[in-house]
Amino acid sequence: MQWVYLFTAIALLIGLFIILIRAVVGPTVYDVILATNAIGTKTIVFVTLLGYISGRPEFIDMAIIYALITFITTVAILKFAEKGRLD
Amino acid sequence: MHWNEIVTTVLLALGCVVSLTGSLGLLRMPDFYTRLHTSGKTDSLGQFLILIGLAFVTPDVLTCIKVVSVGMILMIAAPTATHAITKAAHLHDLRPWTRSDPGGEP
Amino acid sequence: MTSVVLIDTVLLLLVTVTAIAIIEVRNLYTSAMLTSVYSLLMALVWVNMHSMDVAFTEAAVGGGISTILLIGTLVHTAREEKPLKVRVHWKAAVVTALTGAALIYGTFDMPRFGDPKAPIHHFRVPEMMAQTVGFVNGTKGKQAPPEGFDARAYRSFNGAVTSVPDDPKDTAWRETSVLAQHGIIVPEVLGSHPQHAEAGHHLHPPDDFNGHVPNSVTSLLAAYRGYDTMFETTVIFTAGVSLIMLLRRPRREGQAQKSAPLLDQTILRVVSKMSIPFILLFGLYVITHGELGPGGGFQGGVVIACAFILYALIFGRPALYRVLPPPVIDMLTGLGVLVYSGTGAACLLLGGKFLDYSMLDTVSPGEGEALGMTLVEYGVGITVSMVMLNIFNQLAEEESR
């Protein structure tokens, strides 16, 4: 099973790298927001996967906090893009 | 290999393919809306497939519930975020790409 | 190359790419978002190294709140960085290069990644654990040491505490452990706490508060380094207070609170409204669960602050002020520090030392330790969440520019 996890991890890392290029290149602000959000979701799965690779599935607590935090960050970034202010 | 490991392997492989496709689409597509089209859906589905696949090999019930709940949070949060980004872009008059008009900044 | 090293290498490569991009990107807005990506990737590196508490903090503070606060500062500045005339300062470049080379040279002396023979596993950590942990020092107020435990020998023993087994499930190490060979602990004592062996905590000296506080990081932070953590909380409190003094302006009478709620995004509004109670609940879980698993007051406090910030983002700050009026936020900021130091003072009044939690429960000192740590974590959590909320409120206030 280790090999399956490892291949999935490598696939996710390649995906992360590709999205990172998009986040750096842009060109519009919304592209960067979209890429950041996609990196966030990929990270959540990656944390869970790391827990399984190292045999400690209780890492999943981390994944929950990631899911929530990524969502809130996206909303904040979006609000600033849309309204130009945070309150 | 036990049956649940086979299920996990299949689901993880599917998830990898879907999520890599989405990433590639995010890089290759010509404008924001088409990128959103590839990445928004695959982000939810690919990640959900991987998480559900992992849930099959989870030893204890509590962790299994947590894995499934992370999948559920993702299934709710990721489409919401994508929708909100799209709506914001649309409200800001970001023009979609066509053959004659390359689109771009509002 | 093991999978850990492989993943670590790729992740560090990604982190480097992100860091260079943060420097190079002109748009400050993109830069702030890339900072969040950087924190997420860095947290992955920590997870890969199994330092869960650090990863938790990095994800909650770096990926969450600091990105929001960076965006908040962008409200007050321009969105584009001014183009700089690039001029190479040769002296500075040489000094930087030399320092970097010295630092890289210094890493050659460091123990290898995950080396069980590293000094930290042999001297500092056992010492810290021994000072705080249950029966090990066998002093007044602690649980009596079990049969066959020689406290004096343990304290004078300065060598390796345990030998590290290759397989975590391997229990044969108990018989061959250096401590057992020196007659300091008997193997049966360790064998009587199977929950530690299961949770991967078997490498620690005999007991973690008799099983009440299995998370060694929390026990170090709240008990051994209790004073440090208290003053860290005080530092955060001071930061919040000075920010109020610097940025808060008295509101003129009759001046309406301006705000721009995101009410036109229906789906976003409904989903956020539904998820806020769960985020708050999860924050409380992180604070309360800090002694059992990764997490604690700082991380949980940040999660709770994020829930309130989400509410303010969607419904506007006036709505947040109806839930939590500014005077209440200010009061709660102080209350957290009071809870922390009050727990310490209670231990003092009960006849122990300051922050000696075992005094809180005379029947079972281990329960007292767990209770004291939970109280302290709640104190930290209250202060951190309210200070974060205060910083957000001050930054979002547009009139203050």
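Visitor: Before we start, what counts as a helix here?
Guide: Helices are DSSP runs of H or I with at least four residues, numbered from the N terminus. The model itself is predicted.

Visitor: Fine. Where is C:Ala319 found, then?
Guide: C:Ala319 belongs to helix H16 of chain C, which covers residues 317-323.

Visitor: How far apart are C:Ala319 and C:Val271?
Guide: Their C-alpha atoms are separated by 17 Å, and the two residues are 48 residues apart along the chain.

Visitor: Different topic. How many residues does each chain put into the contact of chain C with chain A?
Guide: Chain C gives 53 residues and chain A gives 43 residues.

Visitor: Which helices of chain C supply that side?
Guide: H1 (3-24), H2 (28-48), H3 (52-74), H14 (266-288) and H15 (297-315) each supply at least two residues. H3(C) gives the most, with 12 residues.

Visitor: And what is the make-up of the side of chain C that touches chain A?
Guide: It has 35 nonpolar, 16 polar and two charged residues.

Visitor: Back to H3(C). At what angle does it pack with H2(C)?
Guide: At about 175 degrees, with the axes 8 Å apart. Angles over 145 count as roughly antiparallel, so H2(C) and H3(C) are roughly antiparallel to each other.

Visitor: Which residues make that contact?
Guide: Among them are C:Leu28, C:Tyr29 and C:Trp46 of H2(C), and C:Met52, C:Glu58 and C:Leu74 of H3(C). The contact residues divide into 15 nonpolar, six polar and one charged.

Notes: Residues numbered from 1 in each chain as written. Chains lettered and ligands numbered in written order. Predicted model: local features only at pLDDT ≥ 70, side-chain atom pairs only at ≥ 80, totals over all residues. Contact = placed C-beta atoms within 7 Å. Nonpolar A, V, L, I, M, F, W, Y, C, P; charged D, E, K, R; others polar. Axes fitted to C-alpha atoms, helices over the stretch in contact; angles between N-to-C directions. Parallel < 35°, antiparallel > 145°, perpendicular 65-115°, else oblique.
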